[in-house]
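Subject: Structure handover and notes

Dear colleague,

My notes come after it.

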Amino acid sequence: QRFVDAFTVNSYLLCLRRSDPQTASPIAEKLLDHAISGDKYDEFKNSPRIEFNIGTFNTVMEICASLDGSDSKERVNSILSSLEAVVLEGNRGIRPNRKTFKLLLSVNSKDDSGRFCCQEATVWMDRIRQLSSTLINQELKADADLYSAALQTIPRRSPMNTLTKRFEKGLKTEEEGEVATLEAEQ
């Protein structure tokens, strides 16, 4: 039986991640849904089955995490629900890893404007401890690396013209031979 292996799927998703999140996220979510259900994915016409692993889940979550606002949280947490179901089903050998938990903490410790929220971070740190106990049978060790994930942001893709405008506004040179500096936007 023909199939697309997890490494190929993950490579495809990593390429997809480089595009606009509004376009990429529905495609990535559809691919993951088809992989989980075992349904044929239209883009891979000659391959009736798609294999996946925890890297597939993590990459789809990263793509969805790069969306703006609360839609990002909702979609990442929906993927988490799918991951929980797959893990609890138990026959696929998939388990979340540290990257999964850091990604969840990073996305869910922000308010809807994308700013760090201590309350949300505390709630999600407890939730992650529960999830790790349930899904990998051990409590995730909370250390500086994990705590710092709450402060990290998932890079949002900006159209090139937006980035160019930002540089045009903020890039200033004093005199020839001096270093150019980029001033923060107000």
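This is a predicted model: local features need pLDDT of at least 70, side-chain atom pairs count only at pLDDT 80 or more; totals for chains, interfaces and linings use all residues.

Residues are numbered from 1 along each chain as its sequence is written, and side-chain values use heavy atoms, with hydrogens and water left out.

Overall

The chain has eight helices and four strands. Helices (H or I, at least four residues) and strands (E, at least two) are DSSP runs, numbered from the N terminus. Read from the N terminus, the order of elements is β-α-α-β-α-α-α-α-α-α-β-β. Of the 186 residues, 39% count as buried; buried means under 20% relative accessible area, exposed over 50%, and partly exposed in between (1.4 Å probe, protein chains only). Of the contacts with a separation of 6 or more, 65% come from residues 24 or more positions apart, where contact means heavy atoms within 4.5 Å.

Helix packing

Axes are lines fitted to C-alpha atoms, for helices over the stretch in contact, and angles run from 0 to 180 degrees between N-to-C directions. Helix 1 (residues 6–17) and helix 3 (residues 54–65) have axes that come within 9 Å and cross at roughly 10°. That makes the two helices roughly parallel (angles under 35 degrees count as roughly parallel, over 145 as roughly antiparallel, 65 to 115 as roughly perpendicular and the rest as oblique). On the helix 1 side the contact uses Val9, Asn10, Leu13, Leu14 and Arg17, and these meet Gly55, Thr56, Thr59, Val60, Glu62 and Ile63 of helix 3. By class, this contact has five nonpolar, four polar and two charged residues. Here Ala, Val, Leu, Ile, Met, Phe, Trp, Tyr, Cys and Pro count as nonpolar, Asp, Glu, Lys and Arg as charged, and the others, Gly among them, as polar.

Helix 2 (residues 21–37) also packs on helix 3, at an angle of about 155° and with the axes 8 Å apart. The pair is therefore roughly antiparallel. Helix 2 contributes Pro21, Ala24, Ser25, Ala28, Glu29, Leu32 and Ile36 to the contact, and helix 3 contributes Thr56, Phe57, Val60, Ile63 and Cys64. The class count for this contact is nine nonpolar, two polar and one charged.

Aromatic pair

Rings of Phe, Tyr and Trp (its six-membered ring) pair if their centres lie within 6.5 Å; planes under 30 degrees apart count as stacked, over 60 as edge-to-face and the rest as tilted. The count comes to one aromatic pair. Phenylalanine 52 and phenylalanine 57 form an edge-to-face pair, 5.8 Å centre to centre with 70° between the planes. Both phenylalanine 52 and phenylalanine 57 are buried.

Single residues

Glutamate 29, in helix 2, is buried at a relative accessible area of 16%. Leaving out residues up to four places away in sequence, glutamate 29 touches Val60, Cys64, Arg75 and Ile79.

Aspartate 33 also lies in helix 2 but is partly exposed, at 45% relative accessibility. Its C-alpha is 9.3 Å from that of isoleucine 79, 46 residues apart in sequence.

Serine 72 sits in helix 4 (residues 70–89) and is buried, with a relative accessible area of 4%. Not counting residues up to four places away in sequence, serine 72 touches Cys64, Ala65, Leu67 and Val107. The C-alpha atoms of serine 72 and asparagine 108 are separated by 9.1 Å, at 36 residues apart along the chain.

Regards
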